[in-house]
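Please examine the model below before reading on.

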2 protein chains.
Amino acid sequence: MVTLEDVARHAGVSLATASRVLNGSTRQVGASLRVKVELAAAQLGYRTNVAAQTLARGASNVVGLVVHDLTDPYFAAIADGAMRVAEEQGLMVMIGTTHRDPQREIAYVSTLNAQRVRAVLLVGSRVADEQLTRQLREELDRYRETGGRVACVGQDLLGVDAVVPDNRLGAAALARALAGLGHRSFAVLAGPERLIAPMDRVAGFADALEELGLPAPLVLHGSFDREGGYAAATQVSGVTCVFAVTDVMAVGALAAFRDRGIRVPEDVSVAGFDDISTLRDLVPSLSTVRLPLAEMGARALEMALAPDEGARAQVVTGEVILRESTRALG
Amino acid sequence: MVTLEDVARHAGVSLATASRVLNGSTRQVGASLRVKVELAAAQLGYRTNVAAQTLARGASNVVGLVVHDLTDPYFAAIADGAMRVAEEQGLMVMIGTTHRDPQREIAYVSTLNAQRVRAVLLVGSRVADEQLTRQLREELDRYRETGGRVACVGQDLLGVDAVVPDNRLGAAALARALAGLGHRSFAVLAGPERLIAPMDRVAGFADALEELGLPAPLVLHGSFDREGGYAAATQVSGVTCVFAVTDVMAVGALAAFRDRGIRVPEDVSVAGFDDISTLRDLVPSLSTVRLPLAEMGARALEMALAPDEGARAQVVTGEVILRESTRALG
DNA sequence: AACCTCCCGGAAAGCGTTTTCCAAAGTCTG
DNA sequence: CAGACTTTGGAAAACGCTTTCCGGGAGGTT
């Protein structure tokens with residue numbers, strides 16, 4: 001393994017000079033020495049030892065990303081956005097997937113802290129559990145005490161920078177749009193009861209219906225994925241419109257209705273939330289609330305990296321998009 | 001920042017002892033001291049500085065993953081499989097996305113080398129370009145010279161461990177299956193001309209047709225994504241069956257046919273390759289060649305991590321799955 | 001010419017671990 | 001109970017880089 005010292009010796013300069021030439025520094029190095037060093041480095045095939053660099057500098061050039069499930073296009077989109085800004089800033093990205101296990105999320109924060117990553121992004125909704133939240137916060141505080149930066153995407157965690165969609169507002173807008181199509185009876189496929197983001201969407205949706213003087217929707221809980229949507233949709237009957245709190249769940253619902261011989265949108269309308277682009281080719285195309293997922297990931301990382309102090313929250317508002325899966329009633 | 005030295009002092013033991021207790025070692029430490037150290041660490045909130053550890057140990061506990069595009073479910077599935085084994089082995093994963101830029105792939109290998117990652121996984125097909133391949137190989141060799149381990153997924157790179165689908169065989173089997181349905185005239189949506197994996201699929205498909213005494217397919221090139229499939233499909237006419245070398249491209253083709261008013265499978269049959277699970281709810285459901293993507297990622301990482309020397313290649317064979325997008329003729 | 005500044009190169013002190021040696025204290029054997 | 005092992009704890013030398021501090025030379029000003 002060729003070290004900086006080898007390069008320095010080979011170039012006939014000091015370690016300090018070699019370091020200044022190769023690994024960036026505020027200090028200038030004279031042209032002749034600079035060339036010698038660069039040549040030596042190239043000849044020997046020198047590669048900086050990042051661990052040593054990190055140790056000496058006291059700061060690494062990697063950021064951490066904690067997501068629930070990378071194969072879920074929602075998370076993939078956000079991760080992609082974040083990775084784009086990481087790349088711009090010359091940072092590497094370390095990813096951990098929790099598979100929706102809160103303990104794992106906490107463990108990852110701890111590990112990323114040990115790695116002394118520059119920032120960590122927590123992506124996705126968390127369950128409303130006193131103890132887990134406290135544990136997570138403790139871990140985050142420990143990390144931040146020593147200069148770590150944290151931001152959340154998709155869910156607010158008090159005292160932490162966050163980029164969050166206005167779930168209530170988006171869901172309410174969707175409810176009004178669907179009511180505008182003439183729908184009066186609704187079901188909501190709601191995801192797990194304790195998960196915060198979906199519950200906000202349910203609440204926003206229900207509140208808007210109430211304001212419009214419409215009957216409260218039938219709320220069905222299920223897991224926060226395609227299967228949950230499918231399972232919940234099998235229990236739906238007697239409504240003209242179904243709101244799945246997630247596009248992914250809506251896909252499950254679509255499948256369930258197809259299997260049951262219920263036509264969408266002729267027999268029942270279906271709407272989702274998120275506007276996952278991988279899903280744009282579904283038939284019928286899905287009405288939804290568009291969220292700029294990649295941008296959210298990007299903004300969150302930018303925010304976490306920004307030197308500015310104080311917890312900030314950026315709220316992004318979703319845009320209702322009506323497509324083929326919802327139809328206007330007579 | 002609390003260091004191991006702080007912990008040692010607080011516990012009244014030496015640095016060596018503290019290290020042995022907290023960060024794993026072959027050496028035993030007496031029960032009483034062990035407890036003292038653990039207590040001190042917990043009280044002070046000690047977190048190992050991984051950079052220092054890596055430097056001292058000369059080996060990190062992270063692996064690198066280089067993919068083209070994380071939002072493409074093909075890569076997400078493979079990455080997910082690899083991450084599962086990383087998690088099992090207590091390794092962190094660093095991901096780089098090249099966005100199909102070969103230079104970027106090379107740059108990532110270099111960066112991951114600098115990080116002294118334990119292994120790097122190169123996922124996805126590469127272009128057949130002399131010079132780029134040589135550059136990549138040089139970078140890989142440099143990495144491997146110093147103990148780095150490398151494995152490829154989805155594409156063979158001579159001299160490197162690899163888990164690859166048998167693209168020719170899979171495509172040939174698909175061709176035979178489609179011919180078995182009565183199809184005689186085919187188009188192939190083939191992706192970029194220089195990309196190796198898709199070209200193998202095209203070749204396997206064409207060879208099988210020839211063996212069957214059927215006319216050669218119309219081969220249309222395009223980009224290796226949904227848009228490429230869409231664009232290529234707009235030029236298709238006069239065939240009863242279209243083979244897109246990728247499910248993702250097949251989705252584009254489906255969309256194109258829909259826009260052109262061409263019904264699938266009534267007017268034309270469409271088949272893909274990969275069996276992306278996110279796409280299972282498409283209507284019509286896609287005939288394809290199933291590849292165990294997650295498992296491929298997992299096996300590749302296991303192979304890279306295994307101490308055994310010598311380049312090995314694991315070939316996985318695809319399984320033809322006929323669904324609704326292909327129909328039997330007369 | 002004397003004095004001040006700047007600039008650039010090098011020596012060396014860290015950064016926080018791991019690990020190799022030693023030494024001391026047990027634990028066995030015969 | 002002496003000698004030979006085996007454990008267990010500690011001192012200190014790496015690991016490969018960054019950065020502070022110093023000194024010397026070049027250039028500019030009176």
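## Terms and model

A salt bridge is a side-chain nitrogen of Lys or Arg within 4 Å of a carboxyl oxygen of Asp or Glu. The model is predicted, so local features need pLDDT of at least 70 and side-chain atom pairs count only at pLDDT 80 or more, whereas totals for chains, interfaces and linings use all residues. Residues are numbered from 1 along each chain as its sequence is written, chains are lettered from A and ligands numbered from 1 in the order in which they are written, and side-chain values use heavy atoms, with hydrogens and water left out.

## Interface between chains A and B

In chain A, 53 residues are in contact (heavy atoms within 4.5 Å) with 53 residues of chain B. The two chains bury about 4700 Å² between them, and carbon and sulfur atoms carry 59% of it; buried area is the accessible area (1.4 Å probe) that two parts lose on being put together, summed over both. On the chain A side, A:Arg47, A:Met92 and A:Asp281 lose the most area to chain B, together 15% of what that side buries.

Between chain A and chain B there are 8 salt bridges. One of them links A:Arg104 to B:Glu87, with the closest N and O atoms 3.1 Å apart.

## Strand pairing across the interface

Strands here are DSSP runs of E, at least two residues long, and helices are runs of H or I of at least four, numbered from the N terminus. Two strands pair if DSSP finds at least two bridges between them. β2(A) is joined by 3 bridges to strand β2 (residues 92-97) of chain B, and the two run antiparallel. Within this pairing, A:Met94 has B:Met94 as its bridge partner.

A residue is near a strand if one of its heavy atoms lies within 4 Å of it. There are 26 residues around DNA strand D, of which A:Leu4, A:Ser19, A:Tyr46, A:Gln53 and B:Arg27 come nearest. Of the atoms of DNA strand D that come within 4 Å of the protein, 59% belong to sugar and phosphate.

A backbone N or O atom of B:Gly30 is 2.8 Å from a phosphate oxygen of DNA strand D. The elements that give two or more residues to this surface are α2 (15-22) and α4 (50-57) of chain A, together with α2 (15-22) and α4 (50-57) of chain B.

Note on methods. A polar contact is a pair of N or O atoms within 3.5 Å; within protein, one must be able to donate a hydrogen and the other to accept it, and residues adjacent in sequence count only if both atoms are side-chain atoms.
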